[in-house]
Each structure stands twice: as C-alpha cells, then as structure tokens.
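Subject: Structure handover

Hello,

Please find the structure below. My notes on what was found in it follow.

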Amino acid sequence: MSDAGERARQRGFGANRYMEDETAEVSRPGSEGGYTAEELAVARADWSDFGSAETPVTSTPPPQPSPRPARGFVPGGESAPLDDQGQDSSHAEGSTATAPIPTPSLEERKWHRNIRSLEHRLLGAERSLTYREMAVRMGVSTHSARRLWRALGFPNLDDDVKAFTETDAEALAQMVDLVRDGHLNQETAISLTRSVGQMTDRMVVWQIEALVEDKIANQELSDAEARSQVVETLPALVEPLQRLMGYAWRRQLSAALQRLTVRVESGLASLSRSRDGNGDDQQTVDSPLPLARAVGFADLVSYTSLSRQMSERTLAHMVQRFESKCAEIISIGGGRLVKTVGDEVLYNAETPEAGAEIALALAETIAADDVLPEARVSVVWGRVLSRLGDIYGPTVNLAARLTTLADPGTVLVDSSTAEALEESSDYLLVPQPPRIVRGFGEVAPSMLLRAGGSGIVLDED
C-alpha cells in the first residue's frame, strides 16, 4: 500500500468512507443520527470533509457499469459498426450494416503504440480508477476530488469513466494531507494546486512547440511529420526535463527567499526616503498594499500592423526573440518577469535602481535589434499586491498608462520614481509636459536617460 493510502487507512478514510451519492448521510460520531442536508451542503462546498471524523462508516458500493461493446479498431477482429450519429447500429431494429471500421495502417499502429507507451511511462500506471474510486483512496468526497482535479487545469469527466491512476490519487492526496495536518487551509491548497497546473500547462505547451519548430526548421519536415517525430523523441527527454524542472523550482524558491528577506530591505528604505512626508496622492492610494516594487512595462511599437504583414513563422520568430531578450535582461538585472502578452512584457524589481536599469536596457537592446521594432518602456516605483503569480494595484496601472505616452525607444517614469532616482549620478531625468492620464488625473512624467556606464550587458547571440 502506498504511503498516502496507508495514511488514509489509519485515519479511517478507507473504501467505506465514500458517499453512495451526493445526498447520502454520513454518521456523525458522538451524536445520534446523521448530518442534516444543510450540513452536507456545507461539507461539499467548503471541503470540511477534509477534517471529517475518523470513525468508519459503512456504505453500499456504487453499482458497477455493465461492460460496453468495443468501439473502434480491435486488433485481430472487427468492430461494431456505427450509424450516422456515431452510435452502435449492429443491434438496431432493421439494421443490415455489417461493414467493419477500416483497419489502420502500420504507421497508424506504430503511432498509437508509441503514444500508449509514452502515456504509461508518464502516468506511471494504467487508468483504472473512476472519480469515486480515486476519492476513496484520497479519503474525501468526489466533490473534493473534482475540485483538486479542476485546480490542476483538467476538465471534468463522467463519473463512470476510468480515467485516473493510483499515482493520481497519491499525488492529490498530498494536498489533502497538508490540509488535514494544519499546514494549509482548503482554499490555499486549491490555490497552490492551481499554480502548479497553470505553470506546468504553459511549460509543456512551450516545450512541445519548441521541439516541433526545431524539427520543422532543421529537418525540413511538415508540421504533422514533426509532431510524429517529437513523440518518438520525448522518451529520451522526459527524465532530464523532469530533473531540470525540480532543480529549477528549488532554485527559484531560494531566489524568492532572497528577495523576501534581503533585497526587500533596501527597497523599503528607498520607499521611505522618496515618499515620506511629501503628500503624494499616489502614496496615499497605494500605501495599504504590502510590497514595495519597481514595476516596468515594455511594449513593441506597431506590433499589430507588422503582425498582419508577416508569415506565421516570421511572427513566431519575432515574438520568441522579443520574449527571450526581455527575459534575459530582466534576469540579469535581478528582476522578475511577471508575464508576457504578445507584444508586451511586465516585470518587477525590488529597488528603483534595479527597475531603472532593466527599463533602460530593454529600450536600448530592442532598439539595436534588427529583427525587432522599437519599444516604448516605463517604470514606476510604488506598492503592489502579488496574487496568483501576477501583480496588481495603482502602481501597475500607472506604469501601463505611461507606456502608451512614451516615444519609441524611450523610458518614462512618474514624478515619485524620478524623486527616488534623482540622488543617483547614474541617471538623467528630463521633465516632460504634464499629461492627463485616465484614472490618475494630471501626471508629470520624466524621460529616464543613462548618465554614464554601460548598464546591463547581454551575452552575444
């Protein structure tokens, strides 16, 4: 028995714990009778079954679905014919259909064997569990099991579909145990699970597309041929990529701790130095927010019109180059890439100086690149709220507004950020005419220039 299964058994969350249906009563220890309908509704809504009683409760197992006739190709035999709606027509009244589904080619058989072998390796076991059976092993209701599954980014499935493995149950049970042991509350467990689902979803799509593009570009294959070869290539890449992902996660967590404990101190000092007692309206607006950050935007000029004139491959190359250049500059400058959206990148840094260096490097590097159009850049120093890997607040909104006001190849800052940077001899701040900014009223921006030094230096391509 797995560790998760053993923990569930010891806690009394075994096969006799699941509800026969969504309205079945579960006995309450130390009390006569069962839960009321209202209590059960609350349990299903807020995961209170995570902390439910340890006393086993018997329940009649759900009826097993009757075997269904095989669909599709069956090696060595014929399949049931389908009607126009895709239904089994072999037993329909008056049916005379006898033609089998066409036998797949050797290439198709090889493709399906490769897919099945790779899936088994990735999942670690056969799909043998329904939602209810997985919930039994986790020691929770099917409602709670569904919430975790959806949080990972996967769609709901029918209750009688055997779509899950023992590995699925063990992995999801780890989050259940963290709640039961008091390390997390239920909503935090869902949020952490969702963070893993969303990040890994984007990551695997990125990785597969990169592999496909490599096959197309270097081996001159069609898209379909490239994707077929990627399936054959992936088995050799699974272990190295998995090890790299685990290593990178630990490294990123370590870097986050450094930002949390060390560099934040200098950021708070800069915030206090630049804004104490100056009566700035922006300080009044964002002071309740917890994190002091430099927030920067970079936006490619004329991206929409250019994208209409480019082929798919040329556009993909330009977007990839833009993202990789920005990611490298932000990383070297000690910032964090929050997100990219087509022609725009959002980042933050712990000090005004770090934010300014990154902003200047973005404007200079993109302007010097023959592939990319120029970019409008802005950076604003203030407080933000960080949630779900993104950042929010007036500081973010003001930085976005300033980007639209900047000339191509230039960097704009607001007056508070200019005050935070003016003590440094590394920068020149050129006041610009006041502008009316939606949501902020009149704003007096300054153009940020480099006074000396080379700034962030990238490795040569």
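Leu241 is partly exposed, with a relative accessible area of 33%; buried means under 20% relative accessible area, exposed over 50%, and partly exposed in between (1.4 Å probe, protein chains only). Leu241 sits in helix 8, residues 223–275. Together with Leu244 and Tyr247, Leu241 forms a nonpolar patch on the surface, with about 300 Å² of accessible area for the three. Patches are made of residues with over 30% relative accessible area and no salt bridge, with like charges joined within 9 Å and nonpolar side chains (Val, Leu, Ile, Met, Phe, Trp, Tyr) within 5 Å. Areas come from the Shrake-Rupley method with a 1.4 Å probe, and for residues only the protein chains shown count as cover.

Some background on the file. This is a predicted model, in which local features need pLDDT of at least 70 and side-chain atom pairs count only at pLDDT 80 or more, while totals for chains, interfaces and linings use all residues. Residues are numbered from 1 along each chain as its sequence is written, and side-chain values use heavy atoms, with hydrogens and water left out.

Overall picture

The protein chain has 14 helices and 10 strands; these are DSSP runs numbered from the N terminus, helices being H or I of at least four residues and strands E of at least two. Of its 461 residues, 37% count as buried. The accessible surface of the chain comes to about 26400 Å², and 53% of that belongs to carbon and sulfur atoms.

Cores

The largest nonpolar core has 36 residues, and Ile358, Val379, Val411 and Leu448 have the most contacts inside it. Such a core is a set of buried Ala, Val, Leu, Ile, Met, Phe, Trp, Tyr and Cys residues joined through side-chain atoms within 4.5 Å. Elements that each supply at least two residues of this core include strand 1 (291–300), strand 3 (344–349) and helix 12 (352–368). Helix 12 gives the largest share, 9 residues. Apart from this core lies another, of 21 residues, among them Ala135 and Trp149. Leaving out residues up to four places away in sequence, Val411 touches residues including Ala359, Val379 and Leu448; contact means heavy atoms within 4.5 Å.

Strands

Strand 3 is mostly covered, with 5 of its 6 residues buried. It pairs with strand 1 in the antiparallel sense over 6 bridges, and pairing requires that DSSP finds at least two bridges between two strands.

Salt bridges

The structure holds 13 salt bridges, each a side-chain nitrogen of Lys or Arg within 4 Å of a carboxyl oxygen of Asp or Glu. One of them joins Glu133 and Lys162 (3.3 Å, N to O). Glu133 is in helix 4 (residues 131–138) and Lys162 in the loop between helix 5 (142–151) and helix 6 (166–180), so the pair ties together parts 29 residues apart in sequence. Another joins Lys339 and Asp390 at 2.9 Å, N to O. This pair links strand 2 to strand 5 (residues 390–392), 51 residues apart. Lys339 is partly exposed at 35% relative accessibility, whereas Asp390 is buried at 12%. Glu209, Asp223 and Arg227 are linked in a network of salt bridges.

Regards
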